[in-house]
Amino acid sequence: MKKLMMILAVVLAVSGLSACSSGNKASSPNKEQEPTPSATTDGSADNGAELMEISIMIPQYAEIGPSNDSELVKILNEKLNVKLDLQWTPGASYNDKISVLAASNSLPDVYRVTTQDYMQWRDKGVFLDVKPLLGDYANLTEHLPEEAWKELNDSEHYYGLPYYSIPHLFSMSIRQDWLDNLSLQMPVTVDEFYEVAKAFVTEDPDGNNKKDTTGFSIIVNDSGKFENAEYLQGAFGLGNEWALKDGELIAMQAQTEELKAFIGFLRKAYEEGVLDPNFLVMKPADARNKLWNGQVGIQRVNPNEVLRLDVPNIQKNSPQAELVQLLPPAGPTGIRATQTDGMGQTKVVINAKADAKKQQRIMKLLDYLLSDEGYDLIKEGVEGVDYKKNEDGTFEKLETKNAGNLLSINFFRRADKGIQLHKYNDPQYVEAVEQWLDNNEDYDWPNYGLGLAVETEINKTVNFTTLNTKWMSSMVKVITGEAPLEEIDNAVSAWLKSGGEQLTKEVNEIYSTRQ
């Protein structure tokens with residue numbers, strides 16, 4: 001991989017690619033009308049008359065997306081006068097494939113990139129700067145929030161379109177039947193949360209007369225960060241990577257007092273058997289299996305999957321099980337926080353080497369995909385192929401080899417938190433999922449320095465994954481009782497001296513220029 005990146009750097013240096021942009025603006029089109037042709041810097045414009053071949057590379061996972069001869073692609077081809085070449089690529093090898101294509105100077109016309117690749121190539125003329133063109137494509141700006149456009153971009157350029165991610169996707173859940181079995185109330189504060197979690201360990205909540213249940217789990221990932229613990233981190237005042245205090249950003253790794261409160265909470269939980277003793281080797285799949293197997297009664301879940309997958313699997317072992325949403329418990333100062341992620345950290349980019357008229361046609365395509373008509377097509381699929389409308393006005397999903405909605409799932413979509421909810425879903429199911437997602441939005445946990453660290457100079461010379469892993473090693477020692485609470489002071493100091501202090505300085509400089 002590193003070798004490929006070095007090859008890419010050489011290719012870019014030799015080729016001297018430069019992004020094309022439009023200097024003229026036309027009036028914004030109506031949603032379902034063809035956009036007004038946009039003039040390029042040389043005065044030319046795409047009037048839509050020429051048939052254009054457009055290659056699109058898309059990651060593919062379990063389901064199979066629309067093929068190039070599918071009805072959905074035929075509709076798009078006819079609508080935009082294009083011949084789409086959808087290159088579905090296995091998700092596990094997608095990023096490596098992008099690197100190989102970049103090294104051979106044969107990237108597709110439009111494709112998705114990760115944050116890392118976007119930041120590595122953003123300023124090297126690989127991607128088209130779409131900001132000067134947006135005035136001609138009203139759907140793109142209407143259905144994607146400004147905050148998502150700004151992520152990983154300066155104020156003058158947008159070298160990619162945001163692949164929208166739901167910022168408040170994940171929820172905490174709790175076994176309501178366990179609460180009922182123990183005559184416990186839904187916890188509202190972290191102290192009440194702790195007592196409930198402890199009862200789930202000591203008072204046999206499933207009534208099987210065995211000590212085989214856990215209070216709650218967290219995950220320590222390979223990047224030196226906590227997972228499944230965001231609601232507790234926020235409750236104790238820790239920042240979501242970056243906190244804002246008195247106008248200055250401070251890294252979570254340097255919030256000494258808040259860390260002592262949070263880590264102290266986990267230390268007590270570990271000592272008393274409330275925190276899963278196997279948390280150090282826990283993976284997301286392990287945590288989910290414990291929920292399904294009835295070993296844990298508090299767990300992070302995806303609302304899009306909780307009723308469809310989690311509840312049915314739990315009920316295989318415990319038919320009376322009831323899993324409900326646990327709202328984030330309030331910390332000592334009243335803070336309640338849910339996991340909050342960026343909306344546009346992944347980008348859809350247009351090849352800067354593509355012909356200027358083709359770039360315009362790609363923009364028309366992307367704009368159409370977010371129109372009412374286009375979005376219904378890529379989210380729901382083709383009527384009569386992916387679903388049908390019944391005589392009573394309801395909709396029914398049809399069995400198909402190719403999932404018509406995968407273009408919206410895997411490639412490009414509106415800022416739509418109901419991205420996985422469809423017209424053919426049961427209305428009660430839709431309402432329940434929407435309620436979980438709506439509740440999450442009440443407990444935003446902002447990351448004030450979102451995406452800024454990857455733009456710093458020191459990030460190019462210091463391996464912060466290694467640094468954070470060393471920092472986390474100290475946190476774990478404190479949690480497990482191998483080191484005193486004062487070890488946190490040493491860990492913070494070491495993190496700052498080894499690059500964290502300079503990172504904080506540079507992040508604040510970037511932050512101040514964008515306010």
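**A helix and the sheet beside it**

Reply: In α13, the buried residues are Gln359, Gln360, Arg361, Ile362, Met363, Lys364, Leu365, Leu366, Asp367, Tyr368 and Leu369. Buried means under 20% relative accessible area, exposed means over 50%, and partly exposed lies in between, with a 1.4 Å probe and protein chains only. Because 11 of the 14 residues of α13 are buried, this helix is largely enclosed by the rest of the structure.

This is a predicted model, in which local features need pLDDT of at least 70 and side-chain atom pairs count only at pLDDT 80 or more, while totals for chains, interfaces and linings use all residues. Residues are numbered from 1 along each chain as its sequence is written, and side-chain values use heavy atoms, with hydrogens and water left out.

Helices (H or I, at least four residues) and strands (E, at least two) are DSSP runs, numbered from the N terminus. From its first C-alpha to its last, α13 reaches 20 Å with its 14 residues, close to the 20 Å expected at 1.5 Å a residue. The expected span is 1.5 Å times one less than the number of residues.

Next comes the position of the helix. Helix α13 (residues 356-369) lies across β1, β2, β3, β4 and β12 (347-350), and runs at about 55 degrees to β1. Contact here means heavy atoms within 4.5 Å. Axes are lines fitted to C-alpha atoms, for helices over the stretch in contact, and angles run from 0 to 180 degrees between N-to-C directions.

Those 5 strands form an open sheet with mixed pairing, in the order β2-β1-β3-β12-β4. The edges are β2 (82-90) and β4 (161-162); each has a single partner strand, so one side of each is left without a neighbour in the sheet. Two strands pair if DSSP finds at least two bridges between them. Strand β1 (residues 52-60) pairs with β2 in the parallel sense, over 9 bridges. One detail of this pairing is that Pro59 has Thr89 in β2 as its bridge partner.

Another helix also lies across part of this sheet. Helix α3 (residues 94-103) lies across β1, β2 and β3 (110-113), at about 140 degrees to β1. Both helices can therefore be described against β1: the angle is about 55 degrees for α13 and about 140 degrees for α3, and both values count as oblique, because angles under 35 degrees are roughly parallel, over 145 roughly antiparallel, 65 to 115 roughly perpendicular and the rest oblique.
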